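Let's take a quick tour of a protein fold together. Have a look at the sequence and the model first, then read on.

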Amino acid sequence: MNSGLKLEQIKAYFEQHQLPAFDSSSIIYGMINAKAWQYALFSGLATLCIKHLLIYFNAEKMILIGLSLSADLTESITIIPMTKISALSFKRGIFRGEITFTFEQKKYHIKVPSFIIAAKWHKGNLKNILERYIIRYS
């Protein structure tokens, strides 16, 4: 449980799945909210439709790794070349921000908390990623 928030487990996962060399300062946690119609139809159960992710950045790609509800790493891996991403931005909030980008005519909105108690590395990594990879943020 919570293996998706431990850097040593994430590094082993990268090696096991033959992903790029793991840089522990280039990964953050994010989530994609359920759709409004899901909340309207299912009420509180719509929270089960929230997608939890680890987002890894490097100069060539953005890698989205799915997490289970208990924050364990899953086999869901999406690799997006940075050259195919447009309108990459970050909107800062008090407790969480939002990464927005467009890939293959689909707009993604990923909520990113400002800090995570169980993952002390997250806050520093978010600052690193904003400075290195996200051009526009407010």
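Which residues of helix 3 are buried? They are W121, H122, N125, L126, N128, I129 and L130. Here, buried means under 20% relative accessible area, exposed means over 50%, and partly exposed is in between (1.4 Å probe, protein chains only). Helices (H or I, at least four residues) and strands (E, at least two) are DSSP runs, numbered from the N terminus.

Keep in mind that this is a predicted model, where local features need pLDDT of at least 70, side-chain atom pairs count only at pLDDT 80 or more, and totals for chains, interfaces and linings use all residues. Residues are numbered from 1 along each chain as its sequence is written, and side-chain values use heavy atoms, with hydrogens and water left out.

**The cores**
- A nonpolar core is a set of buried Ala, Val, Leu, Ile, Met, Phe, Trp, Tyr and Cys residues joined through side-chain atoms within 4.5 Å.
- The largest one has 23 residues, and F57, M62, I99 and F101 make the most contacts inside it.
- Strands 1 (27-32), 2 (51-57), 3 (61-67), 5 (85-91), 6 (96-103) and 7 (106-113), plus helix 3 (121-132), each give two or more residues to this core.
- There's also a second, separate core of 20 residues, with L5, Y13, Y56 and L73 among them.
- Beyond its neighbours within four places in sequence, F101 has contacts (heavy atoms within 4.5 Å) that include M62, I80, I85, L88, Y108 and I110.

**Helix 1**
- In helix 1 (residues 7-16), the buried residues are I10, Y13 and F14.
- Those residues fall within an arc of 100° seen down the helix axis, so they line one face of helix 1; the arc is that of the directions from the helix axis to the C-beta atoms.
- E8, E15 and Q16 are exposed on the other side of helix 1.
- The cover over the buried residues of helix 1 includes strand 1, strand 2, strand 3, strand 4 (73-81) and helix 3.

- The 12 residues of helix 3 should span 16 Å at 1.5 Å a residue, and its end C-alpha atoms are 16 Å apart, which agrees.
- The expected span is 1.5 Å times one less than the number of residues in the helix.

- A87 isn't a glycine, yet its phi is positive, about 55°.
- A87 sits in strand 5 and is partly exposed, with a relative accessible area of 40%.
- Q105 isn't a glycine either, and its phi is positive at about 60°.
- Q105 lies in the loop between strand 6 and strand 7 and is exposed, with a relative accessible area of 79%.
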